[in-house]
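Here is a set of questions and answers for a reader meeting this structure for the first time.

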Amino acid sequence: MAENDLKVLGAWPSPYVMRARIALNIKSLDYEFLEETFGSKSQLLLQSNPVHKKIPVLIHGDKPICESLVIVEYIDEVWASSPSILPSHPYDRATARFWASYIDEKWFPAMKGIAAAQAEEARKAAIEQVAEGLALLEDAFQKTSKGKDFFSGDKIGYLDIAFGCFLGWLRVTEKMNGIKFLDETKTPGLAKWAQKFCADAAVKDVMPETEKLAEVAKIITAKLRGAGAPPK
């Protein structure tokens, strides 16, 4: 099977899709990006991910792989000779997976809660949750990075991808609410990490521009405050 027989079903604003694309870029793998239309699902997507019907989907040859972090691990395992994404030590891998789960299950939902909040009290509570989460992640960064640039050390790894994919949306949230989450006073490690992550060659071309992403955010916010949640 040819290495470049790879397709990614996704949409550029999706942080989850960005995870797959960054992992492929780290491994220097060529792939075809098949853009899904915002607000609809292609027949290929429904066939490739009949369970969740969500992006991203990595298609390797004729085999679909679903769920963003599963895709990242798959890429790392299949192209194992390239730069590693997951930590080599079992404890470090477990730690990275733990924080990735925290980000997906607790932290990012809190950030979405800021946009969804209709009352000021609820908005403030969500902002506080996000800030508290960033304090925890700052501590995790200091422990796992061991004084280096990234959670994984010298190069971008699993947890960097899991968290870094949300930086575009964090910037939009800051812009739309007139607040600053990442600063050198409260989260000095994360503030420097975010700059280096976004400037990395594997990331910079897939990280959405804040202004462009803000336009999408306005549409999603309207839906959140109406009835539904945004698609992954």
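This is a predicted model: local features need pLDDT of at least 70, side-chain atom pairs count only at pLDDT 80 or more; totals for chains, interfaces and linings use all residues.

Q: How many aromatic pairs does the structure hold?
A: For the structure, the number of aromatic pairs is 12.

Q: What is the geometry of the pair formed by the rings of Trp107 and Phe163?
A: The ring centres of Trp107 and Phe163 are 5.3 Å apart, and their planes stand at 85°. Planes over 60 degrees apart count as edge-to-face. The pair of Trp107 and Phe163 is therefore edge-to-face.

Q: How many residues apart are Trp107 and Phe163?
A: Trp107 belongs to helix 4, while Phe163 belongs to helix 6 (residues 158-164). Their pair links distant parts of the chain, and the separation is 56 residues.

Q: Is Trp107 buried or exposed?
A: The cut-off for buried is under 20% relative accessible area. Trp107 has 1% relative accessibility, so Trp107 counts as buried.

Q: Is Glu67 buried, partly exposed or exposed?
A: Glu67 sits in the loop between strand 4 (63-66) and helix 3 (68-78). Its relative accessible area is 35%. Buried means under 20% and exposed over 50%, so Glu67 is partly exposed.

Q: How far apart in space are Glu67 and Ala162?
A: In sequence, 95 residues separate Glu67 from Ala162. In space, from C-alpha to C-alpha, the distance is 12 Å.

Q: In which sense do strand 1 and strand 2 pair?
A: Strand 1 covers residues 6-10 and strand 2 covers residues 32-35. Lys7 stands opposite Glu32 in strand 2. The two strands pair over four bridges, and the sense is parallel.

Q: What unit do strand 1, helix 1 and strand 2 make?
A: Helix 1 spans residues 15-26. Together with strand 1 and strand 2, helix 1 makes a right-handed β-α-β unit.

Q: Which element gives the most to the lining of the second largest pocket?
A: This pocket holds about 450 Å³ of space. Of its 23 lining residues, the closest to the centre are Pro87, Asp92, Thr144, Phe151 and Ser152. The elements that give two or more residues are helix 4 (90-116) and helix 5 (120-145). With five residues, the one that gives the most is helix 4.

Terms used
Residues are numbered from 1 along each chain as its sequence is written. Side-chain values use heavy atoms; hydrogens and water are left out. On a 1 Å grid over the protein atoms alone, a cavity is a set of points where a 1.4 Å probe fits but cannot get out, and a pocket is an open set with protein on both sides within 12 Å along at least five of seven lines; lining residues have an atom within 4 Å of a point. Grid points are joined across faces, edges and corners, and a volume is the space filled by probe spheres set on the points. Two strands pair if DSSP finds at least two bridges between them. A crossover is right-handed if, with the strands pointing away from the viewer, the path from the first strand over the helix to the second runs clockwise. Rings of Phe, Tyr and Trp (its six-membered ring) pair if their centres lie within 6.5 Å; planes under 30 degrees apart count as stacked, over 60 as edge-to-face and the rest as tilted. Buried means under 20% relative accessible area, exposed over 50%, partly exposed in between (1.4 Å probe, protein chains only).
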